[in-house]
Each structure stands twice: as structure tokens, then as C-alpha cells.
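Hi,

Here is the structure I promised you. Have a look at it first, and then read my notes below.

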Amino acid sequence: QVQLVESGGGLVQAGGSLRLSCAASRLILSNYPMAWFRQAPGKERDVVAAISRNGGSTHYGDSVKGRFTISRDNTKNTLYLQMDSLNSEDTAVYSCAARGRGWSTNTYYTQTWDYDYWGQGTQVTVSS
């Protein structure tokens, strides 16, 4: 059974940084397009960042451009989200996702229905 497990969330002051990790079992992450999503209370789940299968293309939500960076370490089979200059609007549950269906090598995907495998999420809380 495929599992994605996020870690690295927590409480941080505004202006601070966190790095989220997404570790996979029974799935080689480098073979799949992946993304980070977040969901704040009372809001829809939105894409934060997405990366193509080959890592050549990335996408960032408008609110995080220039502050967040998506990357992966294929040797560790782990996806990362580096989050800098955090503010209170970044408070949410962050989840990683992998697309298990067909894909184009250099295409990223930004909708929740594009993804087949999900982690359980990790809470990020930014205090002002």
C-alpha cells in the first residue's frame, strides 16, 4: 500500500521558516508529478506548489511565489517544501500528493483531482 507521510510542521513566528518533508513508501517519488496543497479552516484545499516528474517544471501559488520552494531528493525518496517569510495567512494543514496516472514528463498539475495519492497532512501555524 502506497503511503505518503508529511513531517516538519509546527508553530512558528511570523517571518520565520519551516521545511516540510514528504516521505514515500512503496512509491518511487521521482517517477511521479507531485505537489503540496494546503487547506485552512473554512477554505478549500489549494495548490501551494507543484513539480513535474522530471523536476524541470514547477508551479507556485500566487501567494507563496518568492517565499516557498518545492524540491525533491531522489536519493532519499522525499519531497520537500521550504517555506520562508511565513505569515499568518500561511496557517493551514499542508499535504503532499502524487499523481499515479498518466502524465507528461515535463508537466506539473495543480488540481486536487489530478492526484491519486495523498498524505495525512501536517499542521503549520504561524503566529503574528
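Is C22 buried or exposed? C22 is buried, with a relative accessible area of 0% (buried means under 20%, exposed over 50%, partly exposed in between, using a 1.4 Å probe and protein chains only). C96 is buried too, at 0% relative accessibility.

Before you go on: this is a predicted model, where local features need pLDDT of at least 70 and side-chain atom pairs count only at pLDDT 80 or more, while totals for chains, interfaces and linings use all residues. Residues are numbered from 1 along each chain as its sequence is written, and side-chain values use heavy atoms, leaving out hydrogens and water.

Now the disulfide (a pair of cysteine sulfur atoms within 2.5 Å). Searching the whole structure turns up one, and it links C22 with C96, S to S 2.0 Å. C22 sits in strand β3 (residues 18-25) and C96 in strand β9 (residues 92-98), so the pair ties together parts 74 residues apart in sequence. Strands here are DSSP runs of E, at least two residues long, numbered from the N terminus.

Next, the core. A nonpolar core is a set of buried Ala, Val, Leu, Ile, Met, Phe, Trp, Tyr and Cys residues joined through side-chain atoms within 4.5 Å. The largest has 29 residues, and W36, L79, L81, M83 and Y94 have the most contacts inside it. Beyond its neighbours within four places in sequence, L79 is in contact (heavy atoms within 4.5 Å) with residues including C22, W36 and C96. There's also a second, separate core of seven residues, F37 and Y115 among them.

Cheers

Conventions: Helix = DSSP H or I, 4+ residues; strand = E, 2+ residues; numbered from the N terminus.
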